[in-house]
Amino acid sequence: MIRPDQSMGESEVTGLSESEQQAIRTELNRLLESPAFRTSKRCRDFLRHVVEQTLTGPGDGLKERSIGVDLFQLPPAFDPSQHTIVRVTANEIRKKLAQQYHSEDGSSHPVRIELPAGSYKAEFRWEAPSVEPDLPAPPKSFVRPAIAGGLVLLVLAVGIALWQWPSAKSAAPEAATAASATPLAPAAAGGGDVRIIVGSSSPYVDRSGRTWGPDRFYSGGTVFVRPAERVLRTLDPDIYRHMRQGDFRYDIPLNPGKYELRLHFAETGLSDLISAESSGDGQRVFQVSANGTRILNFFDVVADAAGANIADERVFRDVSPATDGLLHLSFAPQRGTAMLSAIEIVPASPGKVRPVRIRAGWTSAWQDSAGQLWQADSYFMGGNALVRNTNPAQAGNSIQPDVALYASERWGHFSYSIPVADGRYRLTLKLNEGHYGPHNTGVGGPGSRVFDVYCNGVALLRNFDIMKEAGGEGRPLDRTFPGIRPTAQGKIVLTFVPVEGMACVNGIEVLEEPK
């Protein structure tokens, strides 16, 4: 579109001058290196592609099919109902743009890049420069009265504040410090989910589409931030790059009911103490209480997570607010200082915890045909993520209705450390051979991929060959194991060890068994 003020040297396609196009590319490069984008090559490539095509290509050239063919090398006649990678990635881009710009509220950018819903063409929103009006100086005869009037108002304000101060002080609860002076309404209306990132000042949307709120309801402690720290076992390191440390508490208003509590930790503050001889165990030990009942004692994040800079969760069932309508969480040091990265509180049935469903290799939430939500790849360490453009499980499959689950996988030599509450669980591994066989002409066959799977150190599968067990390539296969108990650290630790070729998994489901 050519603007009326377009001058020589402007793009005939977009109506943007060279300087404006340069500003857009500068903003693009800034976004690609931002926390929201730098961990996802697929999203980076997608955003770069649509911005460049918007700047240089025809206005109507950015369609789902053209992007699928040009960017993801899908066949020209691909079925969009089966190959959803373009739509999924576009939705991820929109979330990441909203997340990044929301976290920068108050920051000034010459241009913002947007991807409107229902479109694959980028839009550029130019921010008008802020101009302070030139106000005439007040007449000299007005200056002195204005100062006098201001002094009178100041004296009155101070007098009113002093008059109200004693009653306000006596009415304030001990936990309501200036830093946490949030009105004590329920943290989530209707008993919904509550998610808090410690030390954060703005909301955050994670890879599974869940919104985390800023820090609130706290008293005591200090905030420690490591903005560029690498944190393992998570696709959302920004949740764990803040911590509150010291002796502190949270008093969170909740509606009556039963909740599942998840406390999130990552030890990012011991880099000076970690060496070839020591991992940092025992340097920070503390206790955690909920409504006066101790739920963690002599807790060491490094020992619990099996290392520093590793995301760690502890899960607790049947948590309820106290009689005053607040959930009181206190963190008290036993050696060094206590610490915390995030709090998650979700409604749950009495005695129950929510299922855990993970779509391996996938970077956003996914819903199956039964309406069950599978979260983005989580809790892993090692291996590689893979999203297939062509899914062999789609061909001639009448047994498994949710074949899209098998279009992504984690492969290599890797592990998952899945946090659960104490209890017994049924574990299901979702497996599919998508590489070796007729689909990938001339590559292998039975015996090409053989691996072991261990759960908490005990072998679940030995010398396992997906193609052999399933009877061919592209045939989804489930393996279910009942009676799984977590470790002393509250984890189900799954280790995938290659024997021949590489290990792989497409999905993991953990369901609590009836007592």
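Strand S20 (residues 425–431) and strand S26 (residues 507–512) of this predicted model run antiparallel to each other and are joined over 6 bridges. Strands here are DSSP runs of E with at least two residues, helices are runs of H or I with at least four, and both are numbered from the N terminus; two strands count as paired if DSSP finds at least two bridges between them. Within this pair, Leu 429 sits opposite Ile 508 of S26. Both strands belong to an open sheet of 4 strands, ordered S15-S26-S20-S23 with antiparallel pairing. Its edges are strand S15 (356–359) and strand S23 (477–484), each of which pairs on one side only. On average, neighbouring strands of this sheet are turned by 10° against each other, direction ignored (axes are lines fitted to C-alpha atoms, for helices over the stretch in contact, and angles run from 0 to 180 degrees between N-to-C directions).

Residues are numbered from 1 along each chain as its sequence is written, and side-chain values rest on heavy atoms, with hydrogens and water left out. As the model is predicted, local features need pLDDT of at least 70 and side-chain atom pairs count only at pLDDT 80 or more, while totals for chains, interfaces and linings use all residues.

Strand S19 (residues 408–419) is mostly covered, with 10 of its 12 residues buried (under 20% relative accessible area; exposed is over 50% and partly exposed lies in between, with a 1.4 Å probe and protein chains only). S19 pairs in the antiparallel sense with strand S18 (residues 380–387) over 7 bridges, and Phe 414 in S19 is the bridge partner of Gly 382.

Turning to the helices, H2 (residues 41–56) has 16 residues and reaches 22 Å from its first C-alpha to its last, close to the expected 22 Å (1.5 Å times one less than the number of residues). Among the buried residues of H2 are Phe 46, Leu 47, Val 50 and Val 51. Their cover includes helix H1 (18–32) and helix H4 (85–103). Arg 44, also in H2, counts as buried because its relative accessibility is 18%. Its side chain makes a polar contact of 3.4 Å with that of Glu 33 (a pair of N or O atoms within 3.5 Å; within protein, one must be able to donate a hydrogen and the other to accept it, and residues adjacent in sequence count only if both atoms are side-chain atoms). Leaving aside neighbours within four places in sequence, Arg 44 is in contact with Leu 32, Glu 33, Phe 37 and Arg 38 (heavy atoms within 4.5 Å).
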